[in-house]
4 protein chains.
Amino acid sequence: MIIILEKGVRDEQIEEIIKQAEDYGFSIHRSTGDEQILLGAIGIQSNFDTRKIKILEGVSAVYRVTEPFRLASRGYKKENTVINIGDVILGANEIITIAGPCAVESEKQIMTIAKIVKDAGAKILRGGAFKPRTSPYSFQGMEEEGLILLRKAGDEFGLAVITEVMDPTRVELIYKYTDIFQLGSRNMQNFPLLRELGRVDKPVMIKRGMSATIDEWLMAAEYILASGNENVMVCERGIRTFETSTRNTFDLSAIPVIHQRSHLPIIADPSHATGIRDKVIPMALAAVAAGTDGLMVEVHHDPSSAMSDGPQSLLPEQFKELMSQVRRIAEVIGRNA
Amino acid sequence: MIIILEKGVRDEQIEEIIKQAEDYGFSIHRSTGDEQILLGAIGIQSNFDTRKIKILEGVSAVYRVTEPFRLASRGYKKENTVINIGDVILGANEIITIAGPCAVESEKQIMTIAKIVKDAGAKILRGGAFKPRTSPYSFQGMEEEGLILLRKAGDEFGLAVITEVMDPTRVELIYKYTDIFQLGSRNMQNFPLLRELGRVDKPVMIKRGMSATIDEWLMAAEYILASGNENVMVCERGIRTFETSTRNTFDLSAIPVIHQRSHLPIIADPSHATGIRDKVIPMALAAVAAGTDGLMVEVHHDPSSAMSDGPQSLLPEQFKELMSQVRRIAEVIGRNA
Amino acid sequence: MIIILEKGVRDEQIEEIIKQAEDYGFSIHRSTGDEQILLGAIGIQSNFDTRKIKILEGVSAVYRVTEPFRLASRGYKKENTVINIGDVILGANEIITIAGPCAVESEKQIMTIAKIVKDAGAKILRGGAFKPRTSPYSFQGMEEEGLILLRKAGDEFGLAVITEVMDPTRVELIYKYTDIFQLGSRNMQNFPLLRELGRVDKPVMIKRGMSATIDEWLMAAEYILASGNENVMVCERGIRTFETSTRNTFDLSAIPVIHQRSHLPIIADPSHATGIRDKVIPMALAAVAAGTDGLMVEVHHDPSSAMSDGPQSLLPEQFKELMSQVRRIAEVIGRNA
Amino acid sequence: MIIILEKGVRDEQIEEIIKQAEDYGFSIHRSTGDEQILLGAIGIQSNFDTRKIKILEGVSAVYRVTEPFRLASRGYKKENTVINIGDVILGANEIITIAGPCAVESEKQIMTIAKIVKDAGAKILRGGAFKPRTSPYSFQGMEEEGLILLRKAGDEFGLAVITEVMDPTRVELIYKYTDIFQLGSRNMQNFPLLRELGRVDKPVMIKRGMSATIDEWLMAAEYILASGNENVMVCERGIRTFETSTRNTFDLSAIPVIHQRSHLPIIADPSHATGIRDKVIPMALAAVAAGTDGLMVEVHHDPSSAMSDGPQSLLPEQFKELMSQVRRIAEVIGRNA
């Protein structure tokens, strides 16, 4: 923490500031210039509320100089985290594609789509059974029946599966069926759920909250890591901005930023970021070019009758074509897919 | 829903669009101008995904024309919702103040603060027992012990109490102690929790999510209303924008907007909106001038040793002075406090 | 500037960083802790691009610790800037109201409105003659004829006048007629215009850019101050956020923030912030309660035939009522109006 | 324009609304459903202020259903605008790269960099002579001397040139030297400058304002098109959001959105979007994958001594490698570079 003192600060004020900071456990180094005095407060307290110093008399500004997270940081672990899910290796050189419908709707639907995405090259099958819906009047998912069907489809076609968990009380149930837990955007700071997911021995994918900074997103990862689960990946799915032409603004710069600041793998979800089919393909390719470790894409064989998010689901032919382009772009940047 | 057709749309495309919309349950009225054709699609389906029509060929744009919420809307209920909590009447002419510490820390602390806020004119005592913290390493609250102390302080000083619930599994426990449930910003779209709170017979205050539009905020209220609980109030606590001088941007315009679009009472929380003590007072007064039905303010008798949010807590003398100014501004706009 | 070094930084890297910073004119103080090394770089270079240090090897982060502006800062000048415009004193205890139509439309219009606002207590008359319009097809203002009429109305009713300048080539023309130059939001960073306005001996009011941080806004003021014109005031008129219920989000917290960081007076414009008449009054009152030094409000005697911004203009009776409430709220916070 | 009436609207209110809309020049079609009445108001008035109807009694909401721009829209012109600048063809199948330093600093500098970018495959040389700087104390550009050097470098190496114009009074001077006018982000709504650029017979590239919606950006293009200059291209360079890890948030989804809504070519500028060298390459590749028609990249042979934006400039070797990857990704999506 760096403490910048006001011009004209009095000696007794400085002493009081130093005393308080020392009481909070910091050791203080003082730099006095002609026009300015700085205090360097050394000590690892990643969760210290810097406003406690900021409100003291004579303080002009305070800067936090350590990352607020620790286990999630690149400083803590230099090499990339690589996650093994059966045969699938996520976070290494290969770009992994997760595909499937927004929600599991019936056995026929999930089986049909599982076959399509497997044939095109996807490695992981997605499908919601408990759906977070903005409206209480919308379809809320097939619940356990959906989980059973998702598992069945994954097993049938040799795909790992991922599904969303919205509630700490369902972790145990979902654990029986899924390979990866998805934590949705709206739950990125659902702390009881984060702690619960820190106790399971299966990977967790944390979607970025709609207005979450990269710091807060990695802090959510820190919750899970600190509770003992090391298999965490993060997923960029668009942030909320003033622009309304697309459902969200897909923040692709987050990909190189995460790679620099953290060792955790990052997935990109162009379907939720854009919200409309014809924008999904260019944004998926852009994510690959930007260096994503994985893609998550909604696919439906009959989107017009999908019970949710049909308009943003790719048609089977589109997905096949996308996968072929993904492989070629991966190659350009020295990866494979 | 209004469907705007593209210029040069062909007749068979129009027929297909009309057919699809009718299949979704709408009845269609067609308006043909020299340069443009519009289709008015009448039918109450507040949760219809308009993108289903938008992706059809020949469609240029689609506009939803009904509020996505129903029970929360002013159209559904003209008169203001008035909530009775013991002697306290919230949503009527009197501006109600909720005050207290961020978190319950000890019996002595909560008793001391309860007395201070009661003497100054507050009607409801706040105090967290389960705290949502960005960092897993921060103080997480006193849990049930905190609830017991909060209840005791409320009873001792004749104050109703409010405390936060973060988890559907704790609703029952918290119900035993609290008068009002607080749903925090990060849980505004925690749908399992919303549904759970729809089933209790005590009022709920929904804090606005950091990036929630007013529509989404009222949709969260709709979840609770639709589950049977009519005693809902909303709380503006700042939204996330590009400006970082204050912790959040306090969106005071939300007050007249909520009053126009909904019958639910609105509370304003300048402590979380600004995040720093010396901005709380002017913003509290501004909220009153803007027409808020209630204020929520953090107060601490010894903020420098508060376990959370000390820097944004008012000192007892400041709170007393604030309450006196609140009363006088209330009078200017024809209310009382 | 504070330079945070990476963990494990090598000695020769540290030497190179220090050398570079010294070459840029800084003197360096080093703080070495157990886990972290900080370099305090002292030297006033308010416009130094800190990224030059950030990209050096071994650097983890760099923080600017001086305000990027100097003349506009409270540190530079402790007492409030008070601006005299004839009899009107802006920036002292009295809250000054600027009122009038969006645009001057005719002699009859501006005379009628001038009388209304004067009678209700306004001190300054507003009226655009050169209008910045998003659409090239909209009314663009009466140009010099509008200036002549504005001046005439001001003189007739003893009101100072303010009007917008959009173009450095019109400064001379507008100077002949106006008492205060208004710099619009879209021109907040029109640097040639800022420099030109730094050379005139009349006050300038700088509207905040729609996405301008408070730092950037005060930097715009710095341009004018650095060119020699000390009579600068700033005007909050709403920022762009994700919320679309109001035209902009009125950032009232900017009022106490500006008062803390700068000595310049601040005006609040609820008409442009909200964009719709029935939100203007509560937001005007809120601005006064928050401590604004002045209000700018659009008023029109016949808004339905106004050539621009009629829907956000107050009716004469509304304005009169507003002024009466403004005076009473001013009194509550120890000011007058 | 669609007018949604309130529930319970009275007949005489409906008549008044219809009368007013007709007076404004619209013809009205009425759709009456069981629960709702809609009025379709047909008539092309792209700049009509819909708030004029919104404030009438009995109106619940008003929606604009025509694009606010006309000449810039895909509806007005189906085929892509292709701009010829000497041998360079922009807006066709080839992805064009614009490269060079932020500012022209000396003859040696611009000649050195021109050779580097030409050799690597750039077609257009960039270099600022009049620089918009946030701080009045920063380097403001070499002015006409810079223009002379830029032209000389372009001619020497067979590159077209682009440079920024900040002021209507400099259009004539800059016209003598440049092939393309660049309109900067901060001037996107500098209407006098837009009109002036509408009168020249050289292409204009409009950078997106930091908080400009895509509508407003295309409205700026409309100003130039409506004044008679058809050679307009737009440039995405990042928007302002809450995320501060990168200087701006690069809105790559704008690329497919612009292609859908307009016939104008789009350029992507990853240097200003990210603000730091190591993020420029992945974001440049992402822009190509997303379908951009051109790239604008800052390159400097000695960035540590650049007078502006050195930290975001690519080194010569990086640029060469980038160009090679750009060509290969272009091929994957069926284009060339």
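1. **Ground rules.** This is a predicted model, where local features need pLDDT of at least 70, side-chain atom pairs count only at pLDDT 80 or more, and totals for chains, interfaces and linings use all residues. Residues are numbered from 1 along each chain as its sequence is written, chains are lettered from A and ligands numbered from 1 in the order in which they are written, and side-chain values use heavy atoms, with hydrogens and water left out.

2. Arg208(A) makes one with Glu243(D), with the closest N and O atoms 2.7 Å apart.

3. **Who supplies the A side.** Helices H8 (254–261), H10 and H11 (316–332) of chain A each give two or more residues to the side that touches chain D (helices are DSSP runs of H or I, at least four residues, and strands are E runs of at least two, numbered from the N terminus). H10(A) gives the most, with seven residues. By type, this side of chain A splits into 18 nonpolar, ten polar and nine charged residues (Ala, Val, Leu, Ile, Met, Phe, Trp, Tyr, Cys and Pro are nonpolar, Asp, Glu, Lys and Arg charged, and the others, Gly among them, polar).

4. **Area between A and D.** Chain A and chain D bury about 2,900 Å², with carbon and sulfur atoms giving 67% (accessible area, 1.4 Å probe, that two parts lose on being put together, summed over both). The contact takes 37 residues from each of chain A and chain D (heavy atoms within 4.5 Å).

5. **A against B.** Here about 4,100 Å² is buried, 53% of it on carbon and sulfur atoms. On the chain A side, Arg51(A), Tyr137(A) and Arg240(A) lose the most area to chain B, together 16% of what that side buries. The count is four salt bridges, and Asp309(A) meets Arg51(B) in a salt bridge at 2.7 Å, N to O.

6. **Helix H8 of chain D.** Six of the eight residues of H8(D), residues 254–261, are buried (under 20% relative accessible area, 1.4 Å probe, protein chains only; exposed is over 50%, partly exposed in between). Among them are Ile255(D), Val257(D) and Arg261(D). The buried residues pack against H10 (277–289) of chain A, and within chain D against H7, S12, S13 and H10.

7. **Gln325(C).** This residue sits in helix H11 (residues 316–332) of chain C. Gln325(C) counts as buried because its relative accessibility is 10%. Leaving out residues up to four places away in sequence, Gln325(C) touches Val332(B), Ile333(B), Ile281(C) and Leu285(C).

8. **Chain A overall.** Chain A has eleven helices and 14 strands, and 67% of its 337 residues count as buried. Its C-alpha atoms fill a box of roughly 75 × 45 × 35 Å along the principal axes.

Technical notes. Salt bridge = Lys/Arg side-chain N within 4 Å of Asp/Glu carboxyl O.
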